[in-house]
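Trainee: I would like to learn how to read charged residues and pockets in a structure. Could we go through it slowly, one term after another?

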Amino acid sequence: MNPHELAPPLDVNFLSDQVQDLLLDPGRSGGRLLQTHLPYNCLPESVRNSGCKIVHVARNPKDTLVSMWHFYNKILKISAPTTTPDGPFPVERAVESFCSGVLPWGPFYENVVGYWEESNRRPKEVLFLKYEELCRYPEEQVRKLASFMGRPFSSMEDGDAEVGKVLRYSSFNRLKELEVNKNGVWELHRLPNNTFFRKGTVGDWKSYLTPQMAERIDQLTQLKLQGTGLSLDDF
């Protein structure tokens, strides 16, 4: 199964039979496991006040931009093929949109800061993870996530084995190479599943952004994160 089938995006297909069945009968998938791109302040009060566990994964803004740029160009190429090297949506326009906060789920920085501040206010209910740390210290981050969920791993050898098992099954490379993700289709939007898998690496923005683009984003990052306790160095 594609990850979207296991953790359906609440903000994309919340009226689908899949999500409705999950809400009515949480035991069908082992619990109500949903995903969303929505900023914290756009979540319904029924979610924010429910006591449910919320995990936010933040990523370097430049890598986020490049990842989104590739993703939406893939979608646009399916509906409107083009011979332009950059695709239907040039990187210059992507940078302009990103810096202006014109994104499908709102400005990037407000999204990150909203979950960061809430994780400081309610650390038992909101966990803030960084994509870069997930890549660099996967064992440590999996243990942190398990503890947050109230299901900590043992510190003994069998716990290490279970952590290793989780990492093997959920690794980006393994998921990317699964037949369903190479050749399957997300039925709700008729998107090829391979649309959601590219590189998953840290620092790939260096291959696409000019020094001027990178500097503009870095300056904006410093401005938007000022006084929050977060900084560009965190990514």
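Mentor: Let us begin with a definition: a salt bridge is a side-chain nitrogen of Lys or Arg within 4 Å of a carboxyl oxygen of Asp or Glu. For accessibility, buried means under 20% relative accessible area, exposed means over 50%, and partly exposed lies in between (1.4 Å probe, protein chains only). This is a predicted model, in which local features need pLDDT of at least 70 and side-chain atom pairs count only at pLDDT 80 or more, whereas totals for chains, interfaces and linings use all residues. Residues are numbered from 1 along each chain as its sequence is written, and side-chain values use heavy atoms, with hydrogens and water left out.

Trainee: Which backbone atom does the side chain of Asp63 reach?

Mentor: The idea here is a polar contact, a pair of N or O atoms within 3.5 Å; within protein, one must be able to donate a hydrogen and the other to accept it, and residues adjacent in sequence count only if both atoms are side-chain atoms. In this model the side chain of Asp63 reaches the backbone nitrogen of Trp205 at 3.0 Å.

Trainee: How many salt bridges does the rule give?

Mentor: The count comes to 11 salt bridges. One of them joins the side chains of Glu110 and Lys224, at 3.4 Å from N to O. That pair links distant parts of the chain, with Glu110 in helix α7 (residues 108-121) and Lys224 in helix α13 (residues 211-225), 114 residues apart. Glu110 is partly exposed, at 41% relative accessibility, and Lys224 is also partly exposed, at 35%.

Trainee: With which residue does Arg198 form a salt bridge?

Mentor: Arg198 pairs with Asp204, the closest N and O atoms being 2.6 Å apart. Arg198 is partly exposed at 22%, and Asp204 is buried at 8%. Elsewhere, salt bridges that share partners join Glu118, Arg121, Arg122 and Glu125 into one network.

Trainee: What is the volume of the second largest pocket?

Mentor: Rolling a probe the size of a water molecule over the atoms shows where empty space is left. On a 1 Å grid over the protein atoms alone, where a 1.4 Å probe is used, a pocket is an open set of points with protein on both sides within 12 Å along at least five of seven lines, and lining residues have an atom within 4 Å of a point. The second largest pocket has a volume of about 150 Å³, a volume being the space filled by probe spheres set on the points, which are joined across faces, edges and corners.

Trainee: Which helix gives the most to its lining?

Mentor: That is α5, with four residues. The lining includes Leu65, Trp69, Phe98 and Pro104.

Terms used: Helix = DSSP H or I, 4+ residues; strand = E, 2+ residues; numbered from the N terminus.
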